[in-house]
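User: Please take a close look at the surroundings of the ligand in this model. I am new to this structure.

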Amino acid sequence: MHTSPCSSQSLTNLRFTNRFTTQLPADPSSENTRRQVYRACYSRVMPVTTTNPQLVAYSREVADLLGLDQEDCTSELFTRVFSGNQLLPGMDAHAMCYGGHQFGNWAGQLGDGRAINLGEIINCQGEHWTLQLKGAGPTPYSRHADGLAVLRSSLREFLCSEAMFHLGVPTTRALSLILTGDTVERDMFYNGHPQEEPGAVVCRLSPSFIRFGNFELFTARGEIDLLKQLADFTIRTHFPHLGRPKPAVYSLWFDEICRLTAELMVHWLRVGFVHGVMNTDNMSILGLTIDYGPYGWLEDYDPTWTPNITDAQGRRYCYGRQPIIAHWNLAQLANALYPLVGETEPFEQSLQKFNRYFEQSWQSMMAGKLGLTVFEPDTDRPLVEDLLHLLAAVETDMTLFFRQLALVPTAMEKQTADRCAPLHIALYQPEQLDSAYQDKLSAWLLRYCNRVRRDGLPDQERQKKMNAINPLYVLRNYLAQLAIEQATDGEYTLVNELLEVLRSPYTEQPGKEQFAEKRPEWARHRPGCSMLSCSS
Ligand SMILES: Nc1ncnc2c1ncn2[C@@H]1O[C@H](COP(=O)(O)OP(=O)(O)OP(=O)(O)O)[C@@H](O)[C@H]1O
Ligand SMILES: [Mg+2]
């Protein structure tokens, strides 16, 4: 039974503060027609009514943030509200106006084309959370599309948001996954064969959904007074420790965004997450992971891998390029914020500092993954680089490799075979290993063991430390796909079981071994498991 920590709250007495809509300029038109919206941060818009909403799953941790207990979450009212069929008193539904650079090109106005913010609440711990429905119907920003979302992409967003949270990765959260009872037409592979799919809505939560693109659009349009209003609002509301907005504070703020973004990239690399569409409209101003679209998890370690078939040619957003792209995106944000400061130097310095923030944070993350208490650049950089070459040289499951590395005995008298044995589980084709590779792996392990002994942590302690940073359970692409196939047939056991397992990604869970296994062979090239499109 899930009870709420705030006994006073329930769905009907959520306290709405709505700072975004009360403090920032609204679109004067309330017409829900697709159009360019000028001189406004958002447009008020009603979610579309759905035919027969049905709750598939909800996150009890997110419900806790709202003070909702199990009874609230399984009530009819909950399903009505979080499918978009009913607004609660105090809600102020709106879509945000933003632009963005997509695949390196300025795309102009984008905006929430299918996301609708219901409002901002304050909970009993004094935290502010904005509630947002994704897939809730058209808005003025929907351009040529329908404003809807399908079950497969919504289920992926719901599960991954929560999985990332439990992994300790900054992220927007997901409260609920609700089937709408309506069908949505999608051409999943863009090959001229559209199909009817079940529609769904996810309710997301975040302290803010403001993106780099919100600022970019105002600057691109020369709406500098609005740029200033939004920047001042963001600093006052989300970065109050930086002081009252003024040019020096805008620079400090940008520097902090660089630091938060660098840290986010290090987390993604640590857990093997590939976002898939790092356009500037998908970059959170708070350094959170936002927009779980054609994302994927590295199975065999390959820095050039991306699950997004739309990006298969250029691989702009592949695993290994994510930090470089983050830097590029930050440079676009710097251009957008420049009119507030009037000089380029502070931005250039922060962009350079991004590299330092990233490098420092990456080093301590890698030390952690290897179970070292300190990263000694002279020895550990080549040690890590050689390891990453080895991982890429033969198909090696990244997640399992680091868990198994924790089991390698480091005592000097150990035989090479004993050292290598734990790692075999992580290999996809152990029978195909040649002796040159095996020699290299043994030589690397010997260096590693010497380094660990010099570092001084006993094996058991090292294992504990490594297992707290190297997850055992991640949302493997094929697991999400299996849950989708089941849910499409009206069966929600797997989505709920995955939600449960992914709550403790670092802890071995007896009976849940199948969720920690390597990708099975059938999933190697299967759509949804290794390839995803932006169609969602
Ligand atoms: N089905 C749709 N209907 C209307 N607009 C859409 C739809 N799908 C995407 N868009 C819009 O296209 C732009 C880029 O889409 P992208 O795939 O990055 O975002 P998204 O998945 O819709 O949402 P978010 O970034 O909020 O998670 C955004 O402006 C988005 O709102
Ligand atoms: Mg998006």
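Analyst: Two residues are in contact if their C-beta atoms, placed from the backbone, lie within 7 Å. This is a predicted model, in which local features need pLDDT of at least 70, side-chain atom pairs count only at pLDDT 80 or more, and totals for chains, interfaces and linings use all residues. Residues are numbered from 1 along each chain as its sequence is written, while chains are lettered from A and ligands numbered from 1 in the order in which they are written.

Ligand 1 is surrounded by 20 residues, the closest being Leu110, Gly113, Ser142, Ala145 and Asp291; a residue belongs here if its C-beta atom, placed from the backbone, lies within 6 Å of the ligand. Both domain 1 (11-209) and domain 2 (214-368) supply at least three residues to this shell, with bounds from an automatic or database domain assignment.

Glycine 113 sits in the loop between β6 (105-109) and β7 (115-122); strands are DSSP runs of E, at least two residues, numbered from the N terminus. Glycine 113 is partly exposed because it has 17 C-beta neighbours inside 10 Å. On that scale, 20 or more other C-beta atoms within 10 Å make a residue buried, 12 or fewer exposed, and numbers in between partly exposed, with C-beta atoms placed from the backbone. Beyond four places in sequence, the contacts of glycine 113 include Ser142 and Ala145.

Aspartate 291 lies in the loop between β11 (273-274) and β12 (296-297). Aspartate 291 has 23 C-beta neighbours inside 10 Å and so counts as buried. Leaving out residues up to four places away in sequence, aspartate 291 touches Val277 and Asn282.

Conventions: Helix = DSSP H or I, 4+ residues; strand = E, 2+ residues; numbered from the N terminus.
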